[in-house]
Amino acid sequence: MALRNKPTWELLAEPDLSKVPVEELEYDALIIGGGMAACGAAFEIGKWMPDGAKVAMIDKAAVERSGAVAMGLSAINTYIGDENTPADYVKMVRNDLMGIVREDLIFDTGRHVDDSVIHFEKWGLPLWKQKGSEGKKLTEGGKPVHEGRWQIMINGESYKCIVAEAAKNALEEKGYDLYERVFIVKLLLDANKPNTIAGAVGFSTRENKVYVFKAKAMMVACGGAVNIFRPHSTDEGKGRCWYPVWNAGSTYAMCAQVGAEMTLMENRFTPSRYKDGYGPVGAWFLLFKSNVTNGLGEEYVKSEACKKELEKYAPYGTAEVTPTCLRNHLMLFEMKAGRGPIQMDTPKAIKNFLDDAKAQGMDDKALKKYWKQLESEVWEDFLDMTCGQAGLWASMNIAPEERPSEIMPTEPYMLGSHAGACGCWCSGPNEDWVPDDYKWGYNLMTTVNGLFTAGDGVGASGHKFSSGSHAEGRIAAKSMARYVRDNKDFTPTLKQTAEELKAEIYKPVVTYYENHEKTTDDMVNPNYIKPRHLMERLMKYMDEYAGGWTNYYTTSGKLLDIAAQHLKYLKEDSEKMAASGLHELLRAWENYHRIFVAENHIQHLKFREESRYPGFYYRADFPQTDVKTEEEGGWFCFSNSKYDPETGEWTMMKKHVHKIIPD
Ligand code: SFD
Ligand code: AMP
């Protein structure tokens with residue numbers, strides 16, 4: 001009988017691992033994850049793999065509703081279109097991420113992303129169209145409704161289902177395999193060939209079963225990391241965060257653990273969101289042209305004090321579009337001065353729309369109809385992608401045309417595809433315009449042979465969003481297929497036996513069974529710690545010492561040392577994590593990944609002696625943003641780290657930023 005989400009009392013007397021079967025499988029290529037990037041890879045890979053090749057995709061959840069797009073989205077945030085070029089896109093991302101980006105990777109995404117958007121529409125995703133081109137697809141000259149310069153509006157409640165269906169069809173067409181509800185725990189290096197990937201191991205979240213996969217190559221795209229920092233919500237609301245609670249840092253932890261070089265792991269993303277419901281703000285800022293006010297009702301961004309604040313961070317602060325982190329910085333500046341809360345002035349935005357329509361001669365009847373349409377767009381923005389926010393508005397009796405809503409920066413998340421930039425250090429395209437130190441043969445391959453990534457996994461190239469992540473998955477898949485062809489004679493060999501791997505994966509279950517009778521309360525036991533409590537401890541340390549929201553995102557070298565010390569003990573205690581069922585086993589492994597990512601984050605925060613992303617975090621001991629390059633002894637450079645899988649030691653390094661696209 002399988003371990004269920006509740007303890008299976010019959011099995012408790014004796015934890016018998018012989019009852020847990022191990023399935024050993026061999027593939028040419030694996031796609032680990034089932035989100036936007038993985039779906040892109042699944043769609044693309046069959047076109048490039050050798051005939052008869054074996055490929056599998058593995059998702060911890062059900063692809064149809066997994067990952068960040070699970071709830072749906074109301075906009076595609078990266079679309080180049082006719083009015084922009086990939087070079088313009090690079091400039092936008094460079095500005096938003098304070099100059100330190102991999103322009104080769106961004107340009108590559110920019111020149112491919114629209115093809116993914118065209119496919120989404122072909123597969124059935126409804127894209128809003130401008131008046132006069134309704135009913136026409138993009139390929140037929142249809143003009144999308146822009147939210148902002150790069151974002152286009154969609155009816156996206158079923159976005160992920162549509163993209164997943166195309167991915168599954170592509171896998172099926174080629175006879176490739178799909179494993180859903182299999183959580184990958186760790187990657188495995190080859191026993192003979194140094195620094196080369198050979199496999200991955202995981203477990204089913206529905207039955208007692210362990211999977212050991214061998215593969216010549218793999219793309220790991222398991223999203224970013226949530227619940228490392230304490231969220232704003234408490235207890236019953238704690239399942240509510242902005243970032244999906246099921247992306248637990250697996251990409252970063254698993255890739256780093258086998259020695260993949262990481263970059264900008266200090267760059268967390270702290271989005272500004274509607275308070276408590278985490279509703280998105282982009283549509284309000286860009287489509288509905290709303291302003292934000294402070295608690296005094298002032299449009300603070302126009303104040304002299306705020307202008308001066310931004311000038312400190314020129315040229316980014318004084319750019320035409322203020323970078324995301326600096327928009328947060330201004331909010332925090334106001335809040336710290338006691339001029340909070342920050343509010344989205346929804347009534348004024350709506351009134352402006354209606355006044356404009358009236359000024360253009362709309363009569364009362366038409367105006368009423370227009371308002372109904374506007375009202376439904378306003379609500380749909382949330383219902384399409386953050387339906388909890390619509391629920392919150394309804395339950396708090398908020399009519400947005402009457403009452404403004406509070407917005408504020410959330411808890412920090414680690415990700416590389418939204419307005420954040422942490423992730424693996426990857427090879428760029430193998431083309432002559434790409435600097436030599438940015439490429440090592442296979443596009444989007446990490447520094448471990450045969451290990452690729454995409455989407456949130458790729459560092460220093462944010463702002464790809466759902467469409468860019470899909471496009472990047474496709475690029476990685478094509479590149480991975482070439483790697484498989486070039487290494488067709490390679491036979492992956494694992495260092496560990498299947499039984500050793502099973503014992504390691506199921507250890508939290510054994511710990512539970514061996515100790516559960518030594519307590520009257522299942523959650524509290526001197527011999528073990530449950531995943532829930534361990535996560536709470538992690539979040540507390542990170543929040544208090546590593547720049548969480550309770551400290552206005554401020555940390556220092558001293559505080560980071562304390563955080564590191566706490567993590568050391570937490571890591572020791574994590575050996576005693578106990579899982580009473582498969583659900584808790586999943587939670588336990590998510591925590592192992594989280595702790596590793598947190599450790600990496602702290603090292604990077606400590607290493608970079610400046611505050612590069614004010615509004616995302618501050619080093620109180622180094623409050624400035626440096627303009628000097630690493631050659632001049634400064635911090636205008638990438639900060640990279642590498643974990644040695646043999647010794648467990650980390651090495652930190654600085655890497656040069658090449659400006660490829662001129663201003
Ligand atoms: O409102 C394992 N994003 C938005 N993009 C847009 O284009 N428009 C929007 O409107 C967007 N908005 C938004 C966005 C993200 C989030 C979190 C919210 C709102 C609330 C960004 C995109 O969603 C994002 O860029 C992409 O989804 C990134 O793609 P990818 O593939 O890197 O990550 P994923 O889609 O989350 O998928 C992760 C997958 O990994 C699986 N997984 N599988 C096996 N083993 C493990 N150990 C695993 N761990 C995780 C997951 O199940 C999932 O399949 S807005 O902010 O602007
Ligand atoms: P969000 O809803 O905050 O995730 O934003 C959606 C998109 O709009 C992203 O591409 C953001 O970078 C962009 N965006 C959000 N707010 C602003 C703003 N005030 N100015 C410019 N771009 C914004």
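Trainee: Which residues line the largest cavity?

Mentor: This is a predicted model. The largest cavity has a volume of about 50 Å³. Its lining consists of His232, Arg273, Tyr274, Lys275, Asp276, Tyr278, Met408, Pro409 and Thr410.

Trainee: Which strands each supply at least two residues of that lining of the largest cavity?

Mentor: Arg273 and Tyr274 are among the lining residues, as are Met408 and Pro409. Two strands each give at least two residues to this lining: E10 (272–274) and E13 (405–409).

Trainee: How many residues of the lining of the largest cavity are charged?

Mentor: Four lining residues are nonpolar and two are polar. Arg273, Lys275 and Asp276 belong to the lining, and Asp, Lys and Arg count as charged. The charged count is three.

Trainee: How many cavities of 30 Å³ or more are there?

Mentor: The largest cavity takes up about 50 Å³. With the cut-off at 30 Å³ or more, the count is two.

Trainee: Which helix gives the most to the lining of the second largest cavity?

Mentor: The lining includes Ser74, Trp128, Met153, Leu287 and Phe288. Also in the lining are Glu377, Glu380 and Asp381. The top contributor, with three residues, spans 364–383 and is helix H10.

Technical notes:
Residues are numbered from 1 along each chain as its sequence is written. Chains are lettered from A and ligands numbered from 1 in the order in which they are written. This is a predicted model: local features need pLDDT of at least 70, side-chain atom pairs count only at pLDDT 80 or more; totals for chains, interfaces and linings use all residues. Side-chain values use heavy atoms; hydrogens and water are left out. On a 1 Å grid over the protein atoms alone, a cavity is a set of points where a 1.4 Å probe fits but cannot get out, and a pocket is an open set with protein on both sides within 12 Å along at least five of seven lines; lining residues have an atom within 4 Å of a point. Grid points are joined across faces, edges and corners, and a volume is the space filled by probe spheres set on the points. Helices (H or I, at least four residues) and strands (E, at least two) are DSSP runs, numbered from the N terminus.
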